[in-house]
Amino acid sequence: SYTTDTKSREENKKTLESLYSLSVDITKIRRLKEWVLLQDVAYVKEIAGILQEMGADETTVASIIERCPEAILHTPAEINSQRALWKLVCQNEKQLIKLIEQFPESFFTTEYQQNQKANILFFQELGLKNNIITRFLTSAPNIFYNPVEKNKNVIETLQRNYLNLGGSEANMKIWILKLLSQNPFILLNTSTAIQENLEFLQKNDFTDQEVLQLLSKLKGFIFQLNSTTMQKSMLFSKNIFKCSDQELKQLVLKCPALLYYSVPVLEERLEGLLKEGISIAQIRETPMVLELTTQIVQYRIKKLSALGYDIKSGNLESLNGTKKDFEVTYGKIQSKKERPIFNPVAPLHIED
């Protein structure tokens, strides 16, 4: 609704004066979104006043406006509505202002207030904790722009499939909440896409139990794929590892990344491992190593080599896992290396 045609337009002097009085760095706004300064109407003092009412000091107000200049184009009524909306899930205004400071753009998107409110109430009914909902509002705001019916539809599809695959009614709620908190973006998919992906796995002879296992392991990312890319990735793995359909299925269950990553990604990672002198047989034994980027693999191999650990002759388990997992493994190898070969306090048995 704002004009972005900057030619033959002048900056609004009143807006500039109000921004100067708040110690806002106007050069930042000119660099970021100059068009905001050209609008005939802006609510600089009013928006700053609302933020101060919530507990923001002068520096915080200036920082919020510099990072999200379009905040000053919203009416005070719109911002107060948004404030009331976010307070449904925030403990207090102190927490709210902290969130606005970190994620101003998420807060100042006010076009979907009705959808936002309906979705917040739906997520609360579903049993999601408020701290998870605030995380969604800031890191995945677009799921709140959907009409609530669409989100309900996706959730119902997931629930129905979970039960059809043999999941129990008692565990269903926990499963759905876990899936959502791990990957809220599944709500951006359509019910049809979800259905098609599950059918693809069943057609490829994964049992209902195995499909459930994959859904939990993939944290819902499977719903962002499509059958064509999954088919290509599986075919690529089958050719590389020279395995039967049954063996491929076991590899995918062990390492769902073989299903999730596209062929170019798998190729690049495989190439990186082979360059390090690692064999296809070793990768087949520990396919989870393909979940790591080439840079991470190189860094970990370098660290282990410095300890005299030869990755080419050992297994790849020591490379696997999160950063924390790797640090634990590295620590164990390091302490093993530093340990004396014999126990200096043990009695020596020397024959006469």
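The model is predicted, so local features need pLDDT of at least 70 and side-chain atom pairs count only at pLDDT 80 or more, while totals for chains, interfaces and linings use all residues. Residues are numbered from 1 along each chain as its sequence is written, and side-chain values use heavy atoms, with hydrogens and water left out.

**Stop 1: helices α1 and α2**

Select residues 13-21, helix α1, and residues 26-33, helix α2. Helices (H or I, at least four residues) are DSSP runs, numbered from the N terminus. The two helices pack at an angle of about 130°, with their axes 10 Å apart. Axes are lines fitted to C-alpha atoms, for helices over the stretch in contact, and angles run from 0 to 180 degrees between N-to-C directions. The helices α1 and α2 are therefore oblique to each other; angles under 35 degrees count as roughly parallel, over 145 as roughly antiparallel, 65 to 115 as roughly perpendicular and the rest as oblique.

Now display the side chains of L16, L19 and Y20 in α1 and of I26, I29 and R30 in α2, which make the contact. Contact means heavy atoms within 4.5 Å. By class, this contact has 5 nonpolar, no polar and 1 charged residues. Here Ala, Val, Leu, Ile, Met, Phe, Trp, Tyr, Cys and Pro count as nonpolar, Asp, Glu, Lys and Arg as charged, and the others, Gly among them, as polar.

**Stop 2: helix α4**

Select residues 58-67, helix α4, where T60, V61, A62, I64, I65 and E66 are buried. Buried means under 20% relative accessible area, exposed over 50%, and partly exposed in between (1.4 Å probe, protein chains only). The buried residues of α4 pack against α1, α2, α3 (44-53), α6 and α7.

**Stop 3: helix α9**

Select residues 130-139, helix α9, in which I132, I133, T134, F136, L137 and T138 are buried. Their cover includes α5 (76-86), α6 (93-102), α7 (104-107), α8 (113-126) and α11 (169-182).

**Stop 4: an aromatic cluster**

Select F122, F123, F136 and F144, which ring pairs link into a cluster. Rings of Phe, Tyr and Trp (its six-membered ring) pair if their centres lie within 6.5 Å; planes under 30 degrees apart count as stacked, over 60 as edge-to-face and the rest as tilted. The count by this rule comes to 9 aromatic pairs. One of them joins F122 and F123, a tilted pair with 5.7 Å centre to centre and 40° between the planes. Both F122 and F123 are buried.

Next, turn to F123 and F144, whose ring centres are 5.5 Å apart and whose planes stand at 90°, so the pair is edge-to-face. Because F123 lies in helix α8 and F144 in the loop between α9 and α10 (148-164), this pair ties together parts that are 21 residues apart in sequence. F123 is buried at a relative accessible area of 0%, and F144 also counts as buried, at 0% relative accessibility.

**Stop 5: helices α14 and α15**

Select residues 227-241, helix α14, and residues 245-254, helix α15; their axes come within 10 Å and cross at roughly 110°. That makes α14 roughly perpendicular to α15. The contact is made by M234, S237, K238 and F241 of α14 and by D245, L248 and L251 of α15. These residues divide into 4 nonpolar, 1 polar and 2 charged.

**Stop 6: K249**

Finally, select K249, found in helix α15. Is K249 buried or exposed? K249 is buried, with a relative accessible area of 7%. Not counting residues up to four places away in sequence, K249 touches N204, D205, F206 and E210.
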